[in-house]
Amino acid sequence: MGILEIHNLNKSFGGTHVINDFSLDVTELTLCCLVGPNGAGKTTTMDLITGRQKPTSGRIVLRDDDITGLGEHEIAQRGIGRKFQVPAVFRELSVRQNFEVSYSQEVNPFRNMFRRQPAGFKSRLDEVATLTGLKDRLHVEAGLLSHGETQWLEIGMVLMQNPAILLLDEPVAGMTESEIEKTIVFLNQLKKNHTLIVVEHDMSFVREIADVVTVMHMGSFLAQGKLSEIENNPKVREVYLGEPEI
Amino acid sequence: MPHIEFASVVNALILGLSIASIWLIAAIGLTIIYGTVGVINMAHGEFLMLGAYTSYVLQSFFGLPFLLCLPASFIVVAAIGLVIERGLIRYLYNRPLDTLLATWGVSLVLMQGVRILFGSDPKYVSVPEIFQSNVEFGFVSLSVFRIFVFGFTAAVVAGTVYLFYRTRFGMQVRAVMQNKEMAASFGINADRVYMTTFAIGAGLAGMAGCLFGVLAIVLPTMGTAYVVQAFLVVVVGGGTLVGSVAASGLTGELQSIFAMLSNDTFARFLLYVLIVVFLRFRPRGLFAVAKARR
Amino acid sequence: MTKNLFHDKTAQWTIYAVFFLCLAAIPAFVSDGFLLNQFATYGVYAMLALSISLCWGFGGILNLGQGIAFGLAAYGMAMTMQMQSQDASNPLPPFMANNSLEQLPFFWEPFWNTGFGIVLALVVPTLFYVIFGSLMFRARVSGPFIAIMTLAMLSALYTLILDMQPYTNGVNGISPPAALHIFGTDIDPYSTKAYWIVFALLLLTTVASKLLTQSKFGLVVQALRGDPERVRFLGYNVALYETVIYTISGLIAAIAGCLWVMLVQYVSPAQFDVTFSITMVIWAGIGGRLSLLGAILGALMIQGGQSYLGDQFLNTWLLLLGGFFILVVRFLPRGLAGLLEKVLGMVADRQPRESGPIARPLAPHHAVGASEK
């Protein structure tokens, strides 16, 4: 049994079915890559897991806890962190403040009025700042960071949340070669303690990080397995025919 | 529940149509500006006021007939709108809250400027005799001018629909609304489209102001009386033309019916509260345009 | 990196202390009761600017209907003070008799008791903000739509109060005949006593607001100004946070409303006027919405300027104010306080060992600035 189970998920807008009877089991402490051609429903699946959109039918269970239909913040509190496709950081706040907001152990507004720095924040900040290489940039306004640094900051923010599962939507989009290499090392280190779901187009990147690859096509589950198995799967080849990455 | 007579209901419904046409003509310029350019123009009421003053000046000092004052107000206020767009608004397109505030500043300047020029005493715009009479429809009596306003509003809506859905310019506007970058890559100058739309919106407000100069007295502060209604029509309608038509029809009728059951002021209170509740459930209005995905 | 003095907490608190010491010194130099009353009124406006700075500056909630809290509280206070002049033999305020009312309306009854009346004057607007706020924020109404909705609500209340002529005296408003009597003493609006009450409450609300902005709560509120969706995905209930900051800001405006009636012994629908509520936003905008003290100073400057320069030239003054506001929005979105921030930032950058906040590649070569506070 996986840490996150998706059962028969459906989502339709009007008459258009975007997600069709999609099921997925994510095993704890693995990195699962969600791949598929454009419009396969990868980002919508992320939206459904994190509560940004409500499924038409189906169940999403996190550690025996049914989270289907909960609000975004409730799902986040239960331990699912998400990094967006377009980096979303608080540009007017400093890097340190970005991390501070993300350390969301206490979410009650009234208790937060009387607390400046929650317990455990300092050490966690130190850890994450080192991990993301932003230790020397803590005072910089986040809007002034380079694109790569912004990506790192957002990953760091998700880590500050200390989630059970991290959802990363195209984490290396727009990164330089060397930044991508750094990210590969980083993600491989991360999966020792966390469960990750990564949406990615770049197959060479997927090769470096994935334990399991799940292929989606037209909103449905197409195949799952190790990358080598996937690459030889005739159904997958058909879907990707003409696409050079595979 | 008081006994309601059939006649008074019909009366209220017809009066509601008249109210709706007034609110719609007040809101149409705002709709175009908000719907296309995305600017919440707090100076809209002052555009109306400027239209009324333009008519007053042209009529009292140059003896221009009333029916010619309408297009003249359009031209004058459109020109003023153009200047404001070029001088200020265009720098604020990606800052919606700031545009709202800046246009409030513009409204203050326009209002005070007019007050300094013309004083605070009321002015009047007169209409030909024929408009001053009343017409009887069975048990309902309506002034000819109100009927004229209704017809004029219908004509303006038709003209605007034609402009936005049947002309090349309209196609460009809709292209820019949907995707500015894509439109630009097809050689459409978004900047020009915004500029023209803003000027047209201002001009339409000016024309409405000319009518309001007849319906009420001309004062530097007259715009504020219409601006909240105009905003509510636009917001309830969702910023589209058809939305504004529907919203003004709905709100006008409700106002009229509530007023029949209580009085004008309380009816307005009730209507505003209803609108706020409505917006809670449909924050994007009656005819919502789908939101872009992140 | 040399720090910008503007962001230095010690410097900030020092400036606040200096400001309030100046305010505290005023009664020593001003003996004219009329002038003192005017200064106290400015203090009330300062409180309103403070409330706007909290919800608009920090929370990004452009509230064009702050007159709701101010006006509701002002009416509550006026009703309380009015009832102090009535007694069991003569329970009906004169204007009600003029409107041919024979009995005191039920919702006036609680205002017999001064303490209860003042509590109601504060609780009613606060509850209104809780309900109206959660309605808006749970529907995820945002940006300009909040401005329109608060404006609509304000207009609705304006017309309601105007319409309830027999109970509110309509457009004429309520003018309690005597000064507020509380804790066994009369608060003469032209006395130093009244001034100190306003001073104390302004000090209290300002310090509380400042502490609030420095708390974790304040940080989350500032984060959601930039990107509410992101904050939601971090596990915070954004609607709740927005409702809370909106309500706190409303409570401060309500306190201001009570004090205002205490000072001027008058209230009318004009307190619900759209123009007045937007004027509050102009104070905060020009002074600097991201700085509480900036907003306060904005209110003092503009209202002071209006009284001393504007009396003869009111129209010209408003024209200039409008023009100046346009310039501020266009060129100084953070107001005059933002200008100071920029200037101090430049000063800091010109000092040696500078490293401006320019984007640099990863792995920076020096490790200054890793520790804060």
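# A chat about chains A, B and C

Visitor: What radius of gyration does chain B have, and what would a compact globule have?
Guide: Chain B has 19 Å, and a compact globule of 294 residues would have a radius of gyration near 19 Å, so the two agree. Bear in mind that this is a predicted model.

Visitor: What does chain B span along its principal axes?
Guide: The C-alpha trace of chain B spans about 60 × 50 × 35 Å.

Visitor: How much of chain B is buried?
Guide: Buried residues account for 49% of the 294 residues in chain B.

Visitor: And how many helices and strands are in chain B?
Guide: Chain B has 12 helices and two strands. Along the sequence the pattern of chain B reads α-α-α-α-α-β-β-α-α-α-α-α-α-α.

Visitor: Which contacts in chain B join residues at least 24 apart?
Guide: Taking contacts in chain B between residues at least 6 apart in sequence, 76% are of that kind.

Visitor: What does UniProt say about transmembrane regions in chain B?
Guide: An unreviewed UniProt entry annotates residues 12–40, 60–84, 96–118, 138–165, 198–219, 225–250 and 257–279 of chain B as "transmembrane region".

Visitor: How much helix is there in the model over residues 96–118 of chain B?
Guide: That span of chain B is 100% helix and 0% strand, with its end C-alpha atoms 33 Å apart. Residues 257–279 of chain B are 91% helix and 0% strand, and the end C-alpha atoms there lie 21 Å apart.

Visitor: New topic. How many residues do chain C and chain B bring to their contact?
Guide: Chain C brings 37 residues and chain B brings 35 residues. On the side of chain C that touches chain B, at least two residues each come from helix 5 (114–138), helix 6 (144–163), helix 12 (274–287) and helix 14 (314–331) of chain C.

Visitor: How many residues are in the contact of chain A with chain C?
Guide: Chain A contributes 38 residues and chain C contributes 33 residues. On the side of chain A that touches chain C, helix 2 (72–77), helix 3 (95–102), helix 4 (109–113) and helix 6 (147–160) of chain A give two or more residues. The largest share of this side, five residues, is from helix 3 of chain A.

Visitor: What is that side of chain A by class?
Guide: The side of chain A that touches chain C has 13 nonpolar, 12 polar and 13 charged residues.

Visitor: Which residues touch the most other members of the largest nonpolar core?
Guide: Leu48(C), Ala49(C), Ala152(C) and Cys258(C) do, in a core of 272 residues. Helix 11 of chain C supplies the largest share of this core, 18 residues.

Visitor: What is Cys258(C) in contact with?
Guide: Leaving aside neighbours within four places in sequence, Cys258(C) is in contact with Ala73(C), Met77(C), Ile118(C), Ala121(C) and Leu122(C).

Visitor: Where is confidence lowest and highest in chain C?
Guide: In chain C, strand 1 (residues 180–182) is lowest with a mean of 81, and helix 11 (residues 238–264) is highest at 95. Residues 353–373 of chain C have pLDDT below 50, and beyond near neighbours in sequence this stretch has 28 contacts in the model. The mean pLDDT of chain C is 86.

Visitor: And what ipTM does the complex get?
Guide: The predictor gives the complex an ipTM of 0.88, along with a pTM of 0.89.

Notes:
Residues are numbered from 1 along each chain as its sequence is written. Chains are lettered from A and ligands numbered from 1 in the order in which they are written. This is a predicted model: local features need pLDDT of at least 70, side-chain atom pairs count only at pLDDT 80 or more; totals for chains, interfaces and linings use all residues. Two residues are in contact if their C-beta atoms, placed from the backbone, lie within 7 Å. Helices (H or I, at least four residues) and strands (E, at least two) are DSSP runs, numbered from the N terminus. pLDDT is the predictor's confidence in each residue, from 0 to 100. UniProt positions are given in the numbering used here, feature names are shortened, and annotations may be inferred rather than shown by experiment. Ala, Val, Leu, Ile, Met, Phe, Trp, Tyr, Cys and Pro count as nonpolar, Asp, Glu, Lys and Arg as charged, and the others, Gly among them, as polar. A nonpolar core is a set of buried Ala, Val, Leu, Ile, Met, Phe, Trp, Tyr and Cys residues joined through C-beta atoms within 7 Å. A residue is buried if 20 or more other C-beta atoms lie within 10 Å of its own, exposed if 12 or fewer, and partly exposed in between; C-beta atoms are placed from the backbone. The radius of gyration is taken over C-alpha atoms; the globule rule is 2.2 Å times the number of residues to the power 0.38.
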